[in-house]
Each structure stands twice: as C-alpha cells, then as structure tokens.
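Take a short walk through this protein chain. Keep the sequence and the 3D view side by side.

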Amino acid sequence: MKRNLLIATMLMLVFAMNSCDKNFEDININPSLANDLNPVYLFSNAQRLSAIPSYHYQGEIVQQINTPYGGILAAGNRNIINDQHANAAFNTLFNESIRYLIEVINKTQDNPDESNLHNMARIWKAYCFQILVDTYGDVPYSEAGQGYISGIFLPKYDLSETIYDAIIQEYTDATNALDASKASIGTADLFYGGDIAKWKRLGNSLLLRAGMRYTKIDESRARTLVAQAVDPARGGVLLSNDDNALIQFNATYTNATSNALLGGERANYYIGAAFVDFLKTHNDPRLRYIAVKYENPSNPLATAGSANTNPADQQGMPYGYDESSIEDAPGFPGKIGSAFQYSQFNRATVMRIDAPEYLVSYSQTQLLLAEARYRGFITTGTAAEYYESAIVAHMEQANTYGSMPAISASEKTDYLSGAGVAFDEANALQQINEQYWVSSFRNWSEGWANFRRSGYPQLSPINFPSQDPSVAAGGGFIRRLVYPLREVSVNSANVSEAASRMGGDNLGVPVFWDR
C-alpha cells in the first residue's frame, strides 16, 4: 500500500512539473499590465522630460537669475562647482529622454509604417545630445543607451567634435526622410500633433542652430550648414510662433523650473541686475511680464501681497555679493522681513507652474537668420527684417504666460525705433545677440550657449571672492559644467580619459566650438 502511494505521489509530481512547463509564458503574463510599451508613449515622455530645469547655472551665468545665498543654492551665482545642480542635464537626458528615444528608434527602425516616428525620434535625440555637448563637452554617444540592448553599462566618451558631426548628419538625414504621405502619430507628438511639415522646419531650424555654433572656429562650415538649413527644397525653417517647439504644462504636469523657483526658496531668487537694467534702459515692454516687486515676497503665492509691475520701480540684484555683503552694494533697496527688496520673477506670468517651456522658438530662429544674413551666409531678406520680426515674435510669446494686457502695436513700434534697439549695421552683431539673450529668457541652456559663441551681451564677470580658480583663469565666466560625481565614481576610466583630452574637468575649460 505504501509503495503504491509513493508511486502515485511521484507520478503526480512529474505531471505537475510537466504542467508547469506547458504554456509557461502565456500563464505567467499578467493580463492586466502592459508587457510592451507603445513607442509613441515613450516618445511623448522623452519630449516632456527634455524640458529640464537649468536655472542654477545657465540662468545665473547669463545673469538673468540671482541669489545671494550659498549652500544648496550656490552655483552659477558664485562661479563654484555644485554637483547637485551640475548633474541635472546629464542625468535627466541620459537616464530618461535619450534612453526612451533610443528605444523608440530601435522599435521602429524596421517598420515602414512608423518611419515618421522613427525620424522624429532621431531629430530629438540629436537635440538632446547637442545640449549635452554644449553643456559638458565630450560625453558618451556611440555607446550611450546601450545597456539593455548591448550590455554596455560603462560607455566610452566620444569627442565632442565627432558627436556634433553625427548630430548634424541626424538633423539632415532624419529631416529629409520625414514623409507627410506616411502615418502620423497625431496627438502623441507634444509639439505639433504629428504635423510633418512643422517637424521638417524644426529639423532645419536645429541644423541652422548647429551650423551657427561654428562661426567662432570654422566660418566656412557655418556658411555651408546655414545654406543647407534654409534651403526651401528641404522645407525651410520655422515660419511663425505657430511653429515653436514647446511643452505646454498644466496643473497635473507642472513646469519643473517654475516649481523649483516657486518652492520653499521662492523668496531667495531674484532677477539679475544686468537683465533688469537692459530691459529698463531700452523701455522694453516685456519687463512688466517678467519682473515684479511683492509686498510680502517671503509669503506663499496666495498671500504675497500686492504685485508692483511698474517698470520704473524694478531693480535687479547685482552679482558678486553674498547675503551679508549685499547690504553694501550700491543702491541697496533694503529688506521686507527676511527678503530683499530686489525684483523677482512674476509668479502670475512667466513663473506660473503651468507656464510653457520653449525649447526652439521662431524668435531665436529669426535672430540666427539675422546674423547669418549680416555675415553674408544667406542672401534672402535683410538682417534688419529678421531682427525686427524676431523681437515682435518674442513679445507676442508673452501672451502665453498669463492674462496681462498684450503688448500693443504702438509699444512694439516705439521699441523697435528706440535708441540702442533700432537696427544699426555698425552694431548689428551686438544688437542681434543681445536680443537673442532676451528671447532665450527661461531657455537658459540655449542663452548660455549663444553667449559663449557670440560674446554678447557684454556682461561683467561675477568675480565672487571664492569662485573656482578655473573660472578666473578662463576669463571670468563658466565655460562648461563638470561631470556628475556619480559618473566620475562609476565610469571613472572613461571620464578620466575625456577630462584629460579636454584639458581638465573644471568650469573654465571651453567646449570645442568655444575655443
């Protein structure tokens, strides 16, 4: 009896084991959860996440945002290294946007029905890498995002010049390959709702941007790339504000930069003196959208008190001071409680939590065309026409930030004819790039890149007493950000090789197009 029971038990175990193998994959798939992500959702997320906050370094380097405080707030305001803020672009773009875009590209490369999504992802991946090169110099490219695909978890760092070559090729080839007769991804495209003509203009505008980066080191190549970008046979560049590439945030998906500047430290962020002074000097109507003095700046949004947006009353915070020495700065306005009475960003307009984030704008594109025309890279239109069109376009962008009265036609006309703004051939490069500085407000990564390329506006170095020595040696401005500490620790051999190649991993080393 016992022997028969033992045999029966063994047979049941064998049967059970065989049963476990049968249809194993089917029965171990949760029918309630997604097992494979649709690439259009990955693409949407990559677009959204590429609107990264960049205020602590880039916005402070170009002197549009300031804080007198050290500790966790210190970075570009004092020309010092702060890993917490230096790693934002590296970690966000590599760990999120680029990782998703590479997955989209791999999922769609063999599917003709998804060719437009495939090429849109190629363009936007190139955009993300351009930001990384502009920010850090040499970065992983050829082996980036290959952990899941190829098991490469410690990617090598490629030469930034080589990466730019690849970026330009991607802008060119992917833009050419877009085809309006093929399937659209519709509303999954957060920029244009799948409009292929607009994507072609975006790709060409990014090629224009990349081409103009070479004006300092290779004007011949800049000329060639600009001519290619504006070629109407390729679709042309952005035509109006309707073509702006932006992320429109809302109450659920809020703007990361606004969140940070409206958080617990809201009373500690001010507008840089150079920016306020420039706008005031030229009677710029955009100032009322940007700057405000609050009755109680330390209080929460709802109880900050009356908002004084009168341009004449605005005063930017000067650089080179800390929270103690600022009281000795010329024209110190005093304090309200613990907050200084310098102008802050308007929480009801440009710093709304649902404020749009402009990544590539018509205004910026027109200003690049103005400079290209002035340099003789293109022959259509006039530099003055592009310049004035750009200023008007950026003034009209202000309407997207809130319910303040729109800038009137007469205000635009008066501004364009005003002293220092009316187009002047003798000072054209300065004027064009000063306006690029204004048009890149909040798009601080691009504003910083163009400042390094053009040398305008002619800002005074911050010269904080304890600034990083490499900044002083490099002319008083931060030229690149350092690699994240985590990357230095984990991928040390490749980081060390790249740093040695560039001349060091410090704030004073210029990226290749800035040398």
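Is Tyr 157 buried or exposed? Tyr 157 is buried, because its relative accessible area is 4% and the cut-off for buried is under 20%. Keep in mind that this is a predicted model.

Start with the aromatic rings. The structure holds 30 aromatic pairs. One of them joins Tyr 157 and Tyr 483. Their ring centres are 5.2 Å apart and their planes stand at 80°, so this pair is edge-to-face. The two partners come from distant parts of the chain, 326 residues apart. Tyr 157 sits in the loop between α8 (147-150) and α9 (160-177). Tyr 483 sits in the loop between α20 (469-473) and α21. Tyr 483 is buried too, with a relative accessible area of 1%.

Another pair is made by Phe 191 and Tyr 192. Here the centres are 6.1 Å apart and the planes lie at 65°, so the pair is again edge-to-face. Phe 191 counts as buried at 11% relative accessibility. Tyr 192 is buried as well, at 9%.

Now return to Tyr 157 and Tyr 483. Both belong to a cluster linked by ring pairs.

What makes up the nonpolar surface patch of about 330 Å²? Phe 153, Leu 154 and Val 490 form it. Val 490 lies in helix α21, which covers residues 485-490. Val 490 counts as exposed, because its relative accessibility is 52% and the cut-off for exposed is over 50%.

Next come the strands. Find β4, residues 291-294. It pairs with β8, residues 344-345, through 2 bridges. The two strands run antiparallel. In this pairing, Val 292 has Gln 344 of β8 as its bridge partner. β4 also pairs with β5, residues 307-308. That pairing is antiparallel and has 2 bridges.

Move on to the loops. Gln 63 is not a glycine, yet it has a positive phi of about 60°. Gln 63 is buried, with a relative accessible area of 5%.

Asn 79 has a positive phi as well, of about 55°, and is not a glycine either. Asn 79 lies in the loop between β1 and α5. Asn 79 is buried, with a relative accessible area of 2%.

Asn 82 is found in the loop between β1 (65-66) and α5 (83-86). At 12% relative accessibility, Asn 82 counts as buried. Which residues does Asn 82 touch, leaving aside those up to four places away in sequence? They are Tyr 57, Gly 71, Ile 72, Ala 74 and Ala 75.

End with a peptide bond. The bond from Tyr 456 to Pro 457 is cis, with omega near 0°. Pro 457 belongs to the loop between α19 (444-454) and α20.

Key:
Residues numbered from 1 in each chain as written. Predicted model: local features only at pLDDT ≥ 70, side-chain atom pairs only at ≥ 80, totals over all residues. Heavy atoms only, no water. Patch = residues over 30% accessible without salt bridge, like charges linked within 9 Å, V, L, I, M, F, W, Y side chains within 5 Å. Areas by Shrake-Rupley, 256 points an atom, 1.4 Å probe, with all protein chains shown as cover. Salt bridge = Lys/Arg side-chain N within 4 Å of Asp/Glu carboxyl O. Helix = DSSP H or I, 4+ residues; strand = E, 2+ residues; numbered from the N terminus. Buried < 20%, exposed > 50% of the residue type's maximum accessible area, 1.4 Å probe, protein only. Contact = heavy atoms within 4.5 Å. Pairing = 2+ DSSP bridges. Phe/Tyr/Trp six-rings, centres within 6.5 Å; stacked < 30°, edge-to-face > 60°.
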